[in-house]
Amino acid sequence: MRAIVKDAFKVDELNYQFEIDTEDFNTVIDLDTVNAHYSDRYILNEAKNRLGIVVSNLEDSHCSEPDYKSYKKDERQLKRFIKKWENKCQPHKNDGLSWERLKEILNKKENEND
């Protein structure tokens, strides 16, 4: 198991993204699936995307709102993850694949398991 994958599953917002992917791909996106099919760069880009969403939520929130503390936690986790992995991405067979192509691969994998 790649270390970046293990770390990704410790970040709440990335776990949430994998849940969204599970629904979108109509297949289980677990540690093994991410390890086999998601490139380091793809995971890192997802973290950056999620950070953008969290920062936007923070900008639209006041520190007295209930979700503000959760957004701050998510921001810290994502920034820490990005800082750690920004310059450590390793080559992967699926580097550079689009979202659509990755979805095709995962759907094919799911159909083979039926």
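**Packing of H4 and its neighbours**

Helix H4 (residues 40-59) packs with helix H5 (residues 68-85) at an angle of about 150°, their axes lying 9 Å apart. Axes here are lines fitted to C-alpha atoms, for helices over the stretch in contact, and angles run from 0 to 180 degrees between N-to-C directions. H4 is therefore roughly antiparallel to H5; angles under 35 degrees count as roughly parallel, over 145 as roughly antiparallel, 65 to 115 as roughly perpendicular and the rest as oblique. The crossing of H4 and H5 is left-handed, a term used if the near helix is turned anticlockwise from the far one by less than a right angle, with right-handed used if clockwise.

The model is predicted: local features need pLDDT of at least 70, side-chain atom pairs count only at pLDDT 80 or more, and totals for chains, interfaces and linings use all residues. Residues are numbered from 1 along each chain as its sequence is written, and side-chain values use heavy atoms, with hydrogens and water left out.

On the H4 side, the contact (heavy atoms within 4.5 Å) with H5 includes Ile 43, Leu 44, Ala 47, Leu 51 and Val 54. Among the H5 residues that they meet as a group are Tyr 71, Leu 78, Phe 81, Ile 82 and Trp 85. The contact of H4 with H5 divides into 13 nonpolar, one polar and six charged residues. For these classes, Ala, Val, Leu, Ile, Met, Phe, Trp, Tyr, Cys and Pro count as nonpolar, Asp, Glu, Lys and Arg as charged, and the others, Gly among them, as polar.

Helix H2 (residues 12-25) also packs with H4: their axes come within 10 Å and cross at roughly 105°. H2 and H4 are therefore roughly perpendicular to each other. Glu 13, Leu 14, Tyr 16, Gln 17 and Ile 20 of H2 make this contact with Ile 43, Glu 46, Ala 47, Arg 50 and Val 54 of H4. By class, the contact of H2 with H4 has six nonpolar, one polar and three charged residues.

H2 packs with H5 as well, at an angle of about 90° and with axes 8 Å apart, so H2 and H5 are roughly perpendicular to each other. Here Asp 12, Glu 13 and Leu 14 in H2 meet Lys 73, Asp 74, Gln 77, Leu 78 and Phe 81 in H5. This contact of H2 with H5 comprises three nonpolar, one polar and four charged residues.

As for the setting, the secondary structure of the protein comes to six helices and zero strands. Helices (H or I, at least four residues) and strands (E, at least two) are DSSP runs, numbered from the N terminus. The C-alpha atoms of the protein fill a box of roughly 50 × 30 × 20 Å, taken along the principal axes.
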